[in-house]
Amino acid sequence: MDINKSTQLAKEISKKIGTKDYQDIILRILNNIKKGNKFDISSCYCCPETMIETDKTGENKPHIRLKLNKDIKKPEHIIWEILHEYGHCLSGIPEIPSINREIEAWDKAYLKLLKYPKLKIMEQSFFDYQKNCLETYYFKDFCLKGFNRND
Ligand SMILES: [Zn+2]
């Protein structure tokens, strides 16, 4: 586990969200993700969206690329996003995106949230953010199905 890199990233995220209030929690989450050397996470300023990089050979561990050059409405949103991607890592990276895999990742994210009392008191913000994301996914899923039907 690369503690210095995690500390650096936690600081970078805190700077982006404009508060150090969550830096300790973010650091703990980052260390958790990197624990056991199964997953990795770093910031990204070129991805169109936050994503998980994988390769088919399985040689490289799944790597969360956290997009930081975008508008973040509430500081905690970045934490919900990290936990969601962590949820994907834990439930296996889907080759084909589906709404069920998204829900599974959010469920796992919520279980992680529960470990931090400081986050638990903000769970309504988590649910609101989750709802917002899922509505976007539902729409994407619908478009995809519509597209296939006409294909
Ligand atoms: Zn997702």
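## A first look

Of the 151 residues of this protein, 22% count as buried. Here a residue is called buried if 20 or more other C-beta atoms lie within 10 Å of its own, exposed if 12 or fewer do, and partly exposed in between, with C-beta atoms placed from the backbone. Please keep in mind that this is a predicted model: local features need pLDDT of at least 70, side-chain atom pairs count only at pLDDT 80 or more, and totals for chains, interfaces and linings use all residues. Residues are numbered from 1 along each chain as its sequence is written.

## Overall layout

The protein has 6 helices and 3 strands, and along the sequence they follow the pattern α-α-β-β-β-α-α-α-α. Its radius of gyration is 16 Å, close to the 15 Å that the globule rule gives for 151 residues, so the protein is as compact as a globular protein of that length. That radius is taken over C-alpha atoms, and the globule rule is 2.2 Å times the number of residues to the power 0.38. Helices (H or I, at least four residues) and strands (E, at least two) are DSSP runs, numbered from the N terminus.

Along its principal axes, the C-alpha trace spans about 50 × 40 × 30 Å. Among contacts between residues at least 6 apart in sequence, 49% join residues at least 24 apart. Two residues are in contact if their C-beta atoms, placed from the backbone, lie within 7 Å.

## The strands

E1 (residues 40-44) pairs with E3 in the parallel sense over 5 bridges, whereas E2 (residues 51-53) pairs with E3 in the antiparallel sense over 3 bridges. Strands are said to pair if DSSP finds at least two bridges between them. The bridge partner of Cys44 in E3 is Lys67, and His63 in E3 stands opposite Glu53.

In a regular strand the side chains alternate between the two faces of the sheet. Ile64 is buried, with 23 other C-beta atoms within 10 Å. Leaving aside its neighbours within four places in sequence, Ile64 is in contact with Phe39, Ile41, Ile52 and Glu85. Ile64 and Ile82 are 18 residues apart in sequence, and their C-alpha atoms are 8.4 Å apart in space.

## The nonpolar core

The largest nonpolar core has 25 residues, and those with the most contacts inside it are Ile26, Leu30, Ile79, Ile82 and Leu83. Such a core is a set of buried Ala, Val, Leu, Ile, Met, Phe, Trp, Tyr and Cys residues joined through C-beta atoms within 7 Å. Elements that give two or more residues to this core are helices H1 (3-17), H2 (23-34), H3 (75-91), H4 and H6 (123-150), together with strand E3 (63-67). H3 provides the largest share, 7 residues.

Ile26 has contacts beyond its neighbours within four places in sequence: Ala10, Ile13, Ser14 and Ile79.

H3 has 17 residues and reaches 26 Å from its first C-alpha to its last, close to the 24 Å expected at 1.5 Å a residue. The expected span of a helix is 1.5 Å times one less than its number of residues. In H3, 12 of the 17 residues are buried, so this helix is largely enclosed by the rest of the structure. Among them are Trp80, His84, Tyr86 and Cys89.

The buried residues of H4 are Glu102, Ala105, Trp106 and Ala109. They cover an arc of only 100 degrees around the axis, which puts them on the same side of H4; the arc is that of the directions from the helix axis to the C-beta atoms. On the other side of H4, Asn100 and Leu111 are exposed.

## Between the elements

Asn37 is found in the loop between H2 and E1. This residue is exposed, with 9 other C-beta atoms within 10 Å, and its phi is near 60 degrees, a positive value in a residue other than glycine. Gly92, which follows H3, also has a positive phi, near 90 degrees.

Ser98 is found in the loop between H3 and H4. With 13 C-beta neighbours inside 10 Å, Ser98 counts as partly exposed. The C-alpha atoms of Ser98 and Tyr138 are separated by 8.9 Å, although the two are 40 residues apart along the chain.
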